[in-house]
Amino acid sequence: MSIIDTILNSSFTNLIIIGSYIFGGCCSNVIALELLVGVSPKSGNLFTLAQFLFISCEGLFHNLEFPSSSPFPRLKKRTVPAHRWFFMVLLFFTVSVLNNIALGYNISVPLHIIFRSGGLIVSLILGWAIGKRYSIKQVIAVVMVTMGVICATISSAKTNTKEGENSGSMTDYVIGITLLSIALVLSSFMGLYQEVTYVKYGSNWREGLFYTHFLALPLFLIFYSDIKGQILEFNQSIPLTLDEIFNVSPINIYLSSGMNSVFKTCTVPRSWAYLIMNILTQYFCVGGVHRLNSIATALTLNLVLNLRKFTSLVISVWLFDNDFHIGMAIGGLLVFFGTLLYSFGSNKNSSSNMLKKKEDVSVDASTLKKNDILIEEDKKNI
């Protein structure tokens with residue numbers, strides 16, 4: 001086998017693994033989230049803590065070093081100063097908690113997916129405020145995404161406030177939309193602050209993933225009583241046998257009759273089982289996204305993530321019979337194609353900027369060359 005064949009095969013294998021992580025992990029995460037919200041809708045603080053704790057423990061291994069001069073391990077030297085991380089952690093923690101809590105306020109998972117994709121309008125306004133310029137395509141794309149989110153929100157509101165339903169349903173819905181809106185704005189601020197930080201100090205995604213989760217753990221003490229109550233509720237949830245877990249898991253596992261009888265006798269509280277599924281699938285999802293980000297362009301990353309969100313939306317509607325009327329369908333399509341248009345517009349701008357930089361370098365080089373010639377001629381005249 002030639003060297004080129006080896007490279008192609010290894011790249012193809014790498015892409016298969018990344019695709020499995022993103023589409024398998026992220027789409028399975030939607031299934032686990034639906035199951036968890038179905039039995040414990042008010043458990044947002046607990047499963048946010050569980051996600052942060054798991055990622056912190058996993059990230060600790062990648063951020064520790066074992067110096068020869070000391071028998072004890074220590075954290076690796078940071079590329080970003082601590083004060084920068086503390087501010088970013090505060091934003092990230094608030095956004096994560098608000099997004100997860102919102103699911104307990106009459107917000108369906110499909111609407112949750114669509115609404116969280118609507119941050120382009122906030123990012124565009126913030127970008128304008130600091131002097132960024134956007135193409136006509138990008139502005140049109142942002143308008144499409146914004147109209148899509150509004151359309152989906154109004155459609156979902158009509159569904160949740162049918163005649164004869166309790167008015168508390170509408171109150172919960174307004175609270176949920178408010179929480180998502182606040183999280184959307186804060187998330188855009190966080191993205192801008194992160195971009196500025198990485199430009200100044202360099203990007204290290206493993207460091208960022210670890211510190212944004214690890215430093216946020218003490219903040220969960222604010223919700224101590226709520227999390228304690230959620231743990232008691234999880235312990236009292238309906239037992240789930242291990243063979244049932246495999247039946248609801250994305251990967252169908254066939255067991256022998258002997259093992260099947262053993263699995264039927266082993267039980268775990270249903271809510272804890274779904275929480276573990278949620279954490280593991282989230283881990284594979286995040287890992288796939290970061291791996292793709294390390295080898296692909298920003299456009300490719302946006303396209304793949306957009307397709308993943310659309311697939312997750314279809315799975316959520318299809319498997320869990322979520323209400324998905326014409327308004328939400330139109331909203332979802334507007335968000336989907338608006339994000340695609342924005343991605344292509346961003347890529348064109350990046351290419352134009354790169355070309356302009358090359359032209360500027362060529363002009364500078366040409367000018368320097370002319371100056372050198374003039375200097376040499378002056379020397380000769382002297």
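Here is a short chat about this predicted model.

Me: What's the secondary structure count for the protein chain?
Reply: There are 14 helices and four strands in this predicted chain.

Me: How much of the chain is buried?
Reply: Of its 382 residues, 39% count as buried.

Me: OK, the inside. Which residues touch the most other members of the largest nonpolar core?
Reply: Leu111 and Leu275 do, in a core of 63 residues. Helix α3, residues 82–102, gives the most to this core, with ten residues.

Me: What does Leu111 touch?
Reply: Leaving aside residues up to four places away in sequence, Leu111 touches Ala152, Thr153, Ser156, Tyr173, Ile177 and Met328.

Me: Which residues are in the second core?
Reply: That one is separate and has seven residues, including Ile22, Cys26, Val289 and Leu292.

Me: Switching topic: where does UniProt put the "transmembrane region" feature?
Reply: The unreviewed UniProt entry lists it at residues 12–33, 85–107, 113–131, 138–157, 173–193, 205–224 and 326–344.

Me: How much helix is in 85–107?
Reply: That span is 78% helix and 0% strand, with its end C-alpha atoms 31 Å apart.

Me: What about 113–131?
Reply: There it's 74% helix and 0% strand, and the end C-alpha atoms lie 30 Å apart.

Me: Last one: among contacts between residues at least 6 apart in sequence, how many join residues at least 24 apart?
Reply: In the protein chain, 84% of those contacts do.

How values were computed. Residues are numbered from 1 along each chain as its sequence is written. This is a predicted model: local features need pLDDT of at least 70, side-chain atom pairs count only at pLDDT 80 or more; totals for chains, interfaces and linings use all residues. Side-chain values use heavy atoms; hydrogens and water are left out. Helices (H or I, at least four residues) and strands (E, at least two) are DSSP runs, numbered from the N terminus. Buried means under 20% relative accessible area, exposed over 50%, partly exposed in between (1.4 Å probe, protein chains only). Contact means heavy atoms within 4.5 Å. A nonpolar core is a set of buried Ala, Val, Leu, Ile, Met, Phe, Trp, Tyr and Cys residues joined through side-chain atoms within 4.5 Å. UniProt positions are given in the numbering used here, feature names are shortened, and annotations may be inferred rather than shown by experiment.
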